Amino acid sequence: MVGSRDMSLKFRRTFFYLYIGLFLLVAPLVVLYTAGYRLDVQRGRLVQIGALSVTSVPKGAQVFLDDAELSDRTPTLQKRILPGTYHLRLNKEGYKPWEREVEIKSKQTTIVEGVELFLDLAPEMITPIAASVSVGSTNGLVAYAIAADQWFELWIYNPTNGDFTLLDRLSSAKIGEPQLHWSHDNYLLILSDAKNGKTEQRFYTSNGPLSSVPAWFAPFALAPEGEQSALTRSRSQTVETIALLPKNNYQISDVFNNWVVIQDNEQERLILIDSDTQGPPILLNAAAKFYRWQESSILYSDGFELHRYNPSTNSDTLITRSSSQMTDVIPLADSQTLVITTSTQTAAIDISDISRPVNTVIVSADKIQSFWLDPRGRTGYFFGIVNGLAGLYKIALTR
């Protein structure tokens, strides 16, 4: 009996010490687990977890990390993710997929916010019009020209009501190399025509031609001054020189606040001048085939690099590069998505993480002459050729 009691006591002591040892081993692990530590098997060490928050427009998209589907759909907050770089993909039925690399960091929540998803649809022809030149605006109107043997006709199309309005009819003999663009406020349509080394401009509203130069353009003029070209401004019957440029074929494209936009048609350059500064008046002089205002900044491109210039801070940021020549850019209202067009493709580029831009092809065609959006950004329109058929097309982007 004594031996049996000794064995029982020895067993209890052994169990007690094992329990204490197990407690001392497990308790720190529980504390570490509660504090967000996990074992990274690949690295062979404990690391603190991170989190991922994803929202999309529209919501309800499936979320995949490295091809593994997560339990929740957008909007979602996924906790307890090991630090590292993951391939994030969003899928929603009827929409084009969206994917990007994301980095999860210890003790931080990586936020992927407001991902814009676009419908996966084909373009529809509105009418078989072959425009010679066209340009759309953010108010939804498009201006286009039809060049016939004898006439050059300038039209406005309003997608909201489907109206076509003839703005002007000019003799084709008077037109050389026409270009169309809207002013920063989309109120003024400017027809620029380069012919015989000179550029003439005609001004229109959506209702018809203007009989004189608009008031905010009128004070400014470009005039030769020796071997240079001078930008001048008329004030109280006096003419002052604001800036001097190398002699060339320039045109004043826009006047916004105190900024004057000048285009060099021969060298394809964009020049931005501050008409009220006490310092150097030329803020920007860069190669540019096209430009667009984005609030108080300018998006411009030489065709292969897209930049954003902010005249208030005098900062120039490279947004993206393209292997295909860009022909236009449209900023969406969310300011993190740009719609970029080439001669055969229009794509939405998510630049919320400028180091990892996401390209989503909206439409591919034989030819895209210009692309624009309705004011709400739900429908895209373009003149182009799809499957050999030229015309005006539309494509739904969102519901």
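Is Phe164 buried or partly exposed? At 34% relative accessibility, Phe164 counts as partly exposed. Here buried means under 20% relative accessible area, exposed over 50%, and partly exposed in between (1.4 Å probe, protein chains only). The model is predicted: local features need pLDDT of at least 70, side-chain atom pairs count only at pLDDT 80 or more, and totals for chains, interfaces and linings use all residues. Residues are numbered from 1 along each chain as its sequence is written, and side-chain values use heavy atoms, with hydrogens and water left out.

Aromatic contacts come next. Rings of Phe, Tyr and Trp (its six-membered ring) pair if their centres lie within 6.5 Å; planes under 30 degrees apart count as stacked, over 60 as edge-to-face and the rest as tilted. The count by this rule is 13 aromatic pairs. Tyr144 and Phe164 make an edge-to-face pair, with 6.5 Å centre to centre and 85° between the planes. Tyr144 belongs to strand E12 (residues 142-147) and Phe164 to strand E14 (residues 163-171), so this pair ties together parts that are 20 residues apart in sequence. Strands (E, at least two residues) and helices (H or I, at least four) are DSSP runs, numbered from the N terminus. Trp216 and Phe217 pair in a tilted arrangement, 6.5 Å centre to centre and 55° between the planes. Trp216 is partly exposed at 30% relative accessibility, whereas Phe217 is buried at 3%. Ring pairs also join Tyr144, Tyr157, Phe164, Trp372, Tyr381 and Phe383 into a cluster.

Two arginines lie over aromatic rings. A charge sits over a ring if NZ of Lys or CZ of Arg is within 6 Å of the ring centre and within 35 degrees of the ring normal. The charged end of Arg89 is placed over the ring of Phe64, 4.2 Å from its centre. Arg169 lies over the face of Trp151, 5.9 Å from the ring centre.

Side chains of opposite charge can pair when their charged atoms come close. A salt bridge is a side-chain nitrogen of Lys or Arg within 4 Å of a carboxyl oxygen of Asp or Glu. The whole structure holds 11 salt bridges. One of them joins Asp120 and Lys96 (3.3 Å, N to O). Asp120 lies in the loop between strand E9 (109-116) and strand E10 (124-127), and Lys96 in the loop between strand E7 (84-91) and strand E8 (98-104), so the contact ties together parts that are 24 residues apart in sequence. Asp120 is partly exposed at 48%; Lys96 is buried at 15%.

Asp276 bridges to Arg235, with the closest N and O atoms 3.4 Å apart. Asp276 sits in the loop between strand E24 (269-274) and strand E25 (282-287) and Arg235 in strand E20 (residues 228-235), so parts that are 41 residues apart in sequence are tied together. Asp276 is partly exposed at 44%, and Arg235 is partly exposed at 42%. Arg233, Arg235, Glu240 and Asp276 are linked in a salt-bridge network. In a further bridge, the closest N and O atoms of Glu305 and Arg321 are 3.0 Å apart. This pair links distant parts of the chain: Glu305 in strand E28 (residues 305-310) and Arg321 in strand E29 (residues 315-321), 16 residues apart. Glu305 is partly exposed at 25%, while Arg321 is exposed at 59%.

A cavity is a set of points where a 1.4 Å probe fits but cannot get out; a pocket is an open set with protein on both sides within 12 Å along at least five of seven lines; lining residues have an atom within 4 Å of a point. Grid points are joined across faces, edges and corners, and a volume is the space filled by probe spheres set on the points. The second largest pocket has a volume of about 360 Å³. Its lining has 19 residues, of which Ala221, Leu222, Ala223, Tyr250 and Gln251 lie nearest the centre. Strand E19 (220-225) is among the strands that supply at least two lining residues, and E19 gives the most, with 5.

The structure holds 1 cavity of 30 Å³ or more. The largest cavity contains about 50 Å³ of space. Residues lining this cavity include Trp98, Glu116, Phe118 and Asp350. E32 provides the largest share of the lining, 3 residues.
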